[in-house]
Amino acid sequence: MRHPRHPPVRFVLVDGALWGVLAAATGYGFRDAGGASPVVDLLLPLSVLAVAVPLSRARPGAAVLLVNGLCALGLADTATPANAHVLSLAVVSCLLGGRVARARGPLLVLASCLAVDMTACAVLQVPAVWWFYAMAVLPTALLLPWLAGRHWRGRRELVREGWRLARSLEERQHLVAEGARLTERADIATDMHDSLGHALSLVALRAGALELSPDLTEGDRADLAELRGTIADAVEQLRETVAVLHEPRGPGEPRVPGTRGEPGEPGTGACG
């Protein structure tokens with residue numbers, strides 16, 4: 001059975017703080033206007049904001065429509081259409097711009113809000129001042145914060161992309177440095193294999209040739225045989241060292257340019 005997903009604690013705290021600020025502005029506007037109906041002018045807006053603020057994370061467009069409904073309800077006021085809900089409308093409109101990347105959906109939401117406001121003015125047959133409020137103040141509270149939210153979102157994405165690019169460049173630089181180190185190890189192995197292996201092989205051949213000389217005593221031949229054994233041991237140690245230097249290369253990794261073969265393989269030089 002799947003358990004319901006709960007929002008992170010920091011989201012709850014941020015939404016709670018935002019609701020507190022908007023609720024304080026709503027309460028101040030209610031006290032300043034001296035509203036006669038606490039249920040319609042105070043409790044209903046606070047309840048709508050309690051739904052709209054957390055809803056703005058998953059459905060920011062729906063949150064804007066809810067708060068705009070409060071502003072449209074304010075057009076029925078016979079004293080003045082202005083109320084504190086304009087601040088809440090600007091806040092959720094800014095969140096809409098910051099949380100939705102595409103512009104088509106939010107623009108449809110904003111156009112729907114303006115259509116609702118115009119319809120409310122027409123149905124209520126409000127005076128000209130109310131029409132000016134619905135055609136100037138409310139569109140400003142919708143469009144400008146939405147544009148500010150989109151700008152804020154663009155800056156965040158630009159910073160995030162910059163950090164991602166910096167990490168990518170750092171990883172690439174690390175890979176280049178690691179590749180250079182492996183290439184240097186392979187070059188060292190190749191040089192050791194070519195120069196030291198060739199020299200030791202020549203010494204072993206000279207020792208073998210001297211061992212066949214008829215002028216040598218049995219002691220000299222024993223010393224030469226021991227020398228040849230020592231050279232053979234040195235060649236084997238050289239092969240092991242070269243193998244260690246080549247170990248970081250994976251089995252499927254291409255051969256580093258400049259190496260002619262692994263130690264002990266045919267065509268690796270004098271040590272083969």
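The crossing of α3 and α4 is left-handed. The model is a predicted one. Helix α3 covers residues 60-74, and helix α4 covers residues 85-99. Their axes come within 9 Å and cross at roughly 165 degrees. That makes α3 roughly antiparallel to α4, because angles over 145 degrees count as such.

On the α3 side, the contact is made by Pro60, Gly61, Ala63, Val64, Val67, Asn68, Leu70 and Cys71. On the α4 side, His85, Val86, Ser88, Leu89, Val92, Ser93 and Leu96 take part. By class, this contact has 10 nonpolar residues, five polar and no charged ones.

Helix α3 also packs against α2, which spans residues 38-58. The angle here is about 160 degrees, and the axes are 7 Å apart. The pair is therefore roughly antiparallel. α2 passes α3 in a left-handed crossing. From α2, the contact draws on Val40, Leu44, Pro45, Val48, Leu49, Val51, Ala52, Leu55, Ser56, Arg57 and Ala58. From α3 come Pro60, Ala62, Ala63, Leu66, Val67, Leu70 and Leu73. These residues divide into 16 nonpolar, one polar and one charged.

In α3, the residues are Gly61, Val64, Leu65, Asn68 and Ala72. They meet Val109, Leu110, Ser112, Cys113, Val116, Asp117 and Ala120 in α5. This contact divides into eight nonpolar residues, three polar and one charged.

| Helix pair | Angle | Axes |
|---|---|---|
| α2 and α3 | about 160 degrees | 7 Å apart |
| α3 and α4 | roughly 165 degrees | within 9 Å |

Now the rings. How many aromatic pairs does a search of the whole structure find? The search finds zero. Charges do sit over rings, however. The charged end of Arg57 lies over the ring of Phe11, 4.1 Å from its centre. Arg57 also belongs to the α2 side of the contact with α3. Likewise, the charged end of Arg156 sits over the ring of Trp152. Here the distance to the ring centre is 4.3 Å.

Notes
Residues numbered from 1 in each chain as written. Predicted model: local features only at pLDDT ≥ 70, side-chain atom pairs only at ≥ 80, totals over all residues. Heavy atoms only, no water. Axes fitted to C-alpha atoms, helices over the stretch in contact; angles between N-to-C directions. Helix = DSSP H or I, 4+ residues; strand = E, 2+ residues; numbered from the N terminus. Parallel < 35°, antiparallel > 145°, perpendicular 65-115°, else oblique. Left-handed = near helix turned anticlockwise from the far one by under 90°. Contact = heavy atoms within 4.5 Å. Nonpolar A, V, L, I, M, F, W, Y, C, P; charged D, E, K, R; others polar. Phe/Tyr/Trp six-rings, centres within 6.5 Å; stacked < 30°, edge-to-face > 60°. Lys NZ or Arg CZ within 6 Å of the ring centre and 35° of its normal.
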